[in-house]
Amino acid sequence: MAGQRAIFLMMAVLAMVAGAGRPSPAMAQAANFHPCNAQPALPVCQHGYGRRVAAARWGAAREALDPDAAVKAPLITRNPAGEIEKLKSTTILVEDMDKSEVLFARDADVVRPVASIVKLMTALVVVDAGLPMDEMITIDASDVGVPSELPSRLAAGARLSRVDLLHLALASSENSAAHALGRTYPGGMTAFVEAMNARAAALGMNDSRFVEPIGLSNDNVSSARDLARLVHAASRQPLIGEFTTDAQYSVDGRTFHNTNMLVGRPRWDILASKTGTTREAGDCLVMMVRLGDRNLAMVLLNSQGMSGSRFGDAVRLRRVLDSRMAAN
């Protein structure tokens, strides 16, 4: 055990050395809505996250995929230090939650916007409340009218059960579903947000603050250390674990896909996960992963670079962890 701690300490030192060349945090924005994307006649937007939205909305050419995020990317390495140097996320934490042992950390206490990772807390509040999951809820104009760059995939007037809304909010990060869950909570949205912050306090998430259940507001903030506690708590709720690890889900005649491209891949035992993306938060990913006999929280925030770099970072960390564990 002492030898293993020494190895991971060496990893941390290597990360500090590599940190000199790592990407800088995304420039702060007053809002996450990009005006370019409100103009359908505009050519492909070239402004970072806006370009990804343009690709999704108008069928523009997508960014090149990070090669380490590809399906056939290997999970072994002979050069752990080289893998660490390639990490694209500005904030990283890998923690064994059973032993409270940090295996890798980079700026783990920095407080920053966390985008749709917020939906894990939304799900915890809904499950904790014990509300009837078969209750039918009508999507209204406020649900589909949230100021997202991507349009709602649910139409106003659609009726879905609470369990379906929870499934969509978690697996495919559907904003209108998350908003409807908060809106129909006893006491309404104000009571729901209060319950989110109370749950965070109970988990010891002292760096966290939530203002809405979707994740679009930059005022939803947390740290990697807090998010490890959140995804760990979420993984212990069977419904949340199941929904966040479904590769796809069909409801109301449509098929929705999981936003985590690692879900369903061989050799990945994911217990719970959630993605998030806004311009200020960058590309984010949190997961509880079973690796050997260890339950590891992996938190990757503000990933920069090619499309899928947050998933590429997860693969790179997996290679380092596998190589170190195999050596002991």
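**Close-up 1. The end of helix 8 and the residue that comes after the helix.** In this predicted model, helix 8 is followed by Gly-204, a residue whose phi is positive, near 75 degrees.

**Close-up 2. The buried and exposed faces of helix 8.** The residues of helix 8 that count as buried are Gly-188, Phe-192, Val-193, Ala-195, Met-196 and Ala-200. Because these buried residues fall within an arc of 155 degrees when seen down the axis of helix 8, they line one face of the helix. On the face turned away from that buried side, helix 8 carries the exposed residues Thr-190, Glu-194, Ala-201 and Ala-202. The cover over the buried residues of helix 8 includes helix 4, residues 118–129, and helix 7, residues 175–183.

**Close-up 3. The contact between helix 4 and helix 8.** Two packed helices are described by the angle between their axes and by the distance between those axes. Here the axes of helix 4 and helix 8 come within 9 Å and cross at roughly 100 degrees; angles of 65 to 115 degrees count as roughly perpendicular, so helix 4 is roughly perpendicular to helix 8. From helix 4, the residues Val-118, Met-121, Thr-122, Leu-124, Val-125, Val-126 and Asp-128 take part, and they meet Phe-192, Ala-195, Met-196, Arg-199 and Ala-200 of helix 8. Sorted by class, this contact of helix 4 with helix 8 has nine nonpolar residues, one polar residue and two charged residues.

**Close-up 4. Helix 6 and the residue just after the helix.** Helix 6, which runs over residues 162–171, is mostly covered, with nine of its 10 residues buried. The buried residues of helix 6 include Leu-165, Leu-166, Leu-168, Ala-169, Leu-170 and Ala-171, and among them are also Arg-162, Asp-164 and His-167. Just after helix 6, Ser-173 takes a positive phi of about 55 degrees.

**Close-up 5. The chain around these helices.** The chain holds 11 helices and 11 strands, and of its 328 residues 55% count as buried. Among the contacts in the chain with a separation of 6 or more, 66% are accounted for by residues 24 or more positions apart.

Terms used. Residues are numbered from 1 along each chain as its sequence is written. This is a predicted model: local features need pLDDT of at least 70, side-chain atom pairs count only at pLDDT 80 or more; totals for chains, interfaces and linings use all residues. Side-chain values use heavy atoms; hydrogens and water are left out. Buried means under 20% relative accessible area, exposed over 50%, partly exposed in between (1.4 Å probe, protein chains only). Helices (H or I, at least four residues) and strands (E, at least two) are DSSP runs, numbered from the N terminus. The arc is that of the directions from the helix axis to the C-beta atoms. Contact means heavy atoms within 4.5 Å. Axes are lines fitted to C-alpha atoms, for helices over the stretch in contact, and angles run from 0 to 180 degrees between N-to-C directions. Angles under 35 degrees count as roughly parallel, over 145 as roughly antiparallel, 65 to 115 as roughly perpendicular and the rest as oblique. Ala, Val, Leu, Ile, Met, Phe, Trp, Tyr, Cys and Pro count as nonpolar, Asp, Glu, Lys and Arg as charged, and the others, Gly among them, as polar.
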